[in-house]
Amino acid sequence: MLRDALGFHPESPRLDDDFRKRLGECIRVDVPAWTFLAIDYHLDWIQIAFLLDTNPDLKHGDPFLKPERGDINKDQEDIDLLIAFEGKEGSQAVTHLVLIEAKAYLPWSNEQLRSKARRLKEIFGADGGRHDAVKPHFVMMTERLSGKIDPCSWPDWMKICGDIPWLQYSLPSRTKVTRCTDSGTNCKNGTHLRLDLVP
């Protein structure tokens, strides 16, 4: 949907310059202006791309054996924002995959994050080096990072120097609709609606 809405031109979509700078500082890699972007990108799709890369003769419709690792089609885990771009690690060309998990108003649970970390470890390995030409990066994006998040069981590549890579963003004020009486008093069975600004 995002690619269709913004166009399939190689220079579209373009990352915001300030966001690109902050993201680059977070993952310690220069992020180019032009990247591949995807929203709610399923982990199955990433894992299947690697399976197809290692089985180039596989054709559409061909059955194939259950992969040694992974839980393809077992759940619907995804990445909120996937950013991919070409770069270098030393003299080797690599594709950087930036996997951003974002939360606005609700907190993460350690159970949810442990499950995602387990799946990402299956795909990329404990050190992130399972696929030679791919370098994964994990980033959490929210207004405030909770001190209750426990990354101990996460693979090493999901952390930077043992810390959770965190990208702060400011949540804009939002409007919510409240049911009320004709005088504006909150009422579950009210006959009117009121717009409230939530800072």
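Visitor: Is Leu195 buried or exposed?
Guide: Leu195 is exposed, because its relative accessibility is 63% and anything over 50% counts as exposed. Keep in mind that this is a predicted model.
Visitor: Where does Leu195 lie?
Guide: Leu195 sits in strand β7, which covers residues 192-198.
Visitor: Which residues make the nonpolar surface patch?
Guide: Val177, Leu193 and Leu195 make it. The patch is about 340 Å².
Visitor: Let's switch to charges. How many salt bridges does the structure hold?
Guide: Nine. One of them pairs Lys116 with Glu101, with the closest N and O atoms 3.1 Å apart.
Visitor: Which parts does that pair tie together?
Guide: Lys116 belongs to helix α4 (residues 110-124) and Glu101 to strand β3 (residues 92-102), so the bridge ties together parts 15 residues apart in sequence.
Visitor: Are those two buried or exposed?
Guide: Lys116 and Glu101 are both buried.
Visitor: What does Glu122 meet in a salt bridge?
Guide: Arg118. The N to O distance there is 2.7 Å. Both residues are in helix α4, four residues apart, so about one helical turn separates them.
Visitor: How exposed is Arg118?
Guide: Arg118 is partly exposed, with a relative accessible area of 36%.
Visitor: Which residues do salt bridges with shared partners join into one network?
Guide: Asp44, Arg118, Arg119 and Glu122.
Visitor: New topic: rings. How many aromatic pairs are there?
Guide: The count is five. Take Phe50 and Phe124: their ring centres are 5.8 Å apart and their planes meet at 80°, so the pair is edge-to-face.
Visitor: Why does that pair tie together parts of the chain?
Guide: Because Phe50 lies in helix α3 (residues 43-54) while Phe124 lies in helix α4, and the parts are 74 residues apart in sequence.
Visitor: What does Phe124 form with Trp157?
Guide: Another edge-to-face aromatic pair. The centres of Phe124 and Trp157 are 5.3 Å apart, with 70° between the planes. Trp157 is in the loop between β4 and β5, and the pair links distant parts of the chain, 33 residues apart. Trp157 is buried, as is Phe124.
Visitor: Which residues form one aromatic cluster?
Guide: Phe36, Tyr41 and Trp45.
Visitor: Where is Arg28 found?
Guide: In the loop between α2 (17-27) and β1 (36-42). Arg28 is exposed, at 59% relative accessible area.
Visitor: What about Cys161 and its phi?
Guide: Cys161 has a positive phi too, about 55°, and is not a glycine. Look for Cys161 in the loop between β4 (134-142) and β5 (166-168). Cys161 is exposed, with a relative accessible area of 70%.

Terms used:
Residues numbered from 1 in each chain as written. Predicted model: local features only at pLDDT ≥ 70, side-chain atom pairs only at ≥ 80, totals over all residues. Heavy atoms only, no water. Helix = DSSP H or I, 4+ residues; strand = E, 2+ residues; numbered from the N terminus. Buried < 20%, exposed > 50% of the residue type's maximum accessible area, 1.4 Å probe, protein only. Patch = residues over 30% accessible without salt bridge, like charges linked within 9 Å, V, L, I, M, F, W, Y side chains within 5 Å. Areas by Shrake-Rupley, 256 points an atom, 1.4 Å probe, with all protein chains shown as cover. Salt bridge = Lys/Arg side-chain N within 4 Å of Asp/Glu carboxyl O. Phe/Tyr/Trp six-rings, centres within 6.5 Å; stacked < 30°, edge-to-face > 60°.
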